[in-house]
Amino acid sequence: MPCNQCLSKKLKEKVPIEEVFEQLKCTREGLSSDEGANRLQIFGPNKLEEKKARAGIREVHFFPFNPVDKRTALTYIDAEGNWHRASKGAPEQILALCNAKEDMKKKVHAIIDKFAERGLRSLAVARQEVPEKTKESPGSPWQFVGLLPLFDPPRHDSAETIRRALNLGVNVKMIT
C-alpha cells in the first residue's frame, strides 16, 4: 500500500500521532541536523548549488508558481546568446505543456508511483528553445526533461494540528 494510503488509514483508525511521525521518519520538531545532513547525502543539494548552476546564464523573465498553472518557468539567455525556457511543476501540468502522448504519461505515472511508495513527491521538468529571442514568444515545442523526487516532511506543527483535528472528530486525510 503506498505511504499516503497507509497514513490515511492510520489516521482514520485514530492511531497515536507519534506513530504517524514514525511512519514519516521524522519527529514533532521536524528533522534533526544529522537526519537533514543524511538526507542531503541521499537526495543531493538543492538551492545550495544554485549560484553554480546559474553561472553563464542571464535571466530574462521569471514566471512565478501559481495555483492555477501549478508550475513555474524561467526564460534565460545562455553564454552563446541562445534563448531558452525551463519549467517545473505538477507532473500533469508539465505533461500537458509538452503535449505528451499516452504511453509517455503512463511511464511517467509509473515512476511517480514508485517515488510515492518511498514517501517522495514528484515535480516534472520541461525545456524549450526560444528562437524568436523575446520573452513573449511561444517558443519551440516543449520537451519533457524528467522528474524530480522530493522529500517533503510535515511542518513542525503538523502533529499538533492533526491531533486537534482528530479530537474535534475531523476525518483527517493526508494527501501527497
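# Briefing on a predicted single-chain model

Ser122 touches Pro91, Ile112, Phe115 and Leu148, leaving aside residues up to four places away in sequence, where a contact means heavy atoms within 4.5 Å. This is a predicted model, in which local features need pLDDT of at least 70 and side-chain atom pairs count only at pLDDT 80 or more, while totals for chains, interfaces and linings use all residues. Residues are numbered from 1 along each chain as its sequence is written, and side-chain values use heavy atoms, with hydrogens and water left out. The protein chain has 7 helices and 5 strands, these elements being DSSP runs numbered from the N terminus, with at least four residues (H or I) for a helix and at least two (E) for a strand.

**Confidence**

- The mean pLDDT of the protein chain is 81, and 73% of its residues reach 70 or more; pLDDT is the predictor's confidence in each residue, on a scale from 0 to 100.
- Among the elements of the chain, helix H5 (residues 91-97) has the highest mean pLDDT, at 97, whereas helix H1 (residues 3-12) has the lowest, at 46.
- Over residues 1-12 pLDDT stays under 50, and for this stretch the model has 23 contacts beyond four places in sequence.
- Where pLDDT is low, the predicted coordinates should not be read in detail.

**Overall organisation**

- Read along the sequence, the elements of the protein chain follow the pattern α-α-α-α-β-β-β-α-α-β-β-α.
- Of the 176 residues of the protein chain, 30% count as buried, a class that requires under 20% relative accessible area, with exposed meaning over 50% and partly exposed lying in between (1.4 Å probe, protein chains only).
- The accessible surface of the protein chain comes to about 11900 Å², of which 54% belongs to carbon and sulfur atoms; accessible areas come from the Shrake-Rupley method with a 1.4 Å probe, and for residues only the protein chains shown count as cover.
- Considering contacts in the protein chain between residues at least 6 apart in sequence, 48% join residues at least 24 apart.

- The 5 strands form an open sheet in the order S1-S2-S3-S4-S5, with antiparallel pairing; two strands pair if DSSP finds at least two bridges between them.
- Strand S1 (58-63) and strand S5 (143-150) are the edge strands, each pairing on one side only.
- From one strand to the next, the twist averages 20 degrees, where axes are lines fitted to C-alpha atoms, for helices over the stretch in contact, and angles run from 0 to 180 degrees between N-to-C directions.
- Strand S4 (residues 121-129) pairs with S5 in the antiparallel sense over 7 bridges, and Arg127 stands opposite Gln143 in S5.
- Helix H6 (residues 102-117) packs on the sheet, where it touches S4 and S5, and its direction makes about 10 degrees with that of S5.

- A search of the whole structure finds 2 salt bridges, each defined as a side-chain nitrogen of Lys or Arg within 4 Å of a carboxyl oxygen of Asp or Glu.
- Glu160 forms a salt bridge with Arg163, with the closest N and O atoms 2.3 Å apart; the two residues are 3 residues apart in helix H7 (residues 158-167), and are therefore separated by about one helical turn.
- Glu160 also forms a salt bridge with Arg164, with the closest N and O atoms 3.1 Å apart, and both residues lie in helix H7, 4 residues apart, which is about one turn of the helix.
- Salt bridges that share partners join Glu160, Arg163 and Arg164 into one network.
- Glu160 counts as partly exposed at 26% relative accessibility, and Arg163 is partly exposed with a relative accessible area of 33%, whereas Arg164 is exposed, with a relative accessible area of 52%.

- Asn99 has a positive phi of about 50 degrees although it is not a glycine; Asn99 is found in the loop between H5 and H6 and counts as exposed, at 66% relative accessibility.
- Lys133 has a positive phi of about 55 degrees, although it too is not a glycine; Lys133 is found in the loop between S4 and S5 and is partly exposed, with a relative accessible area of 43%.
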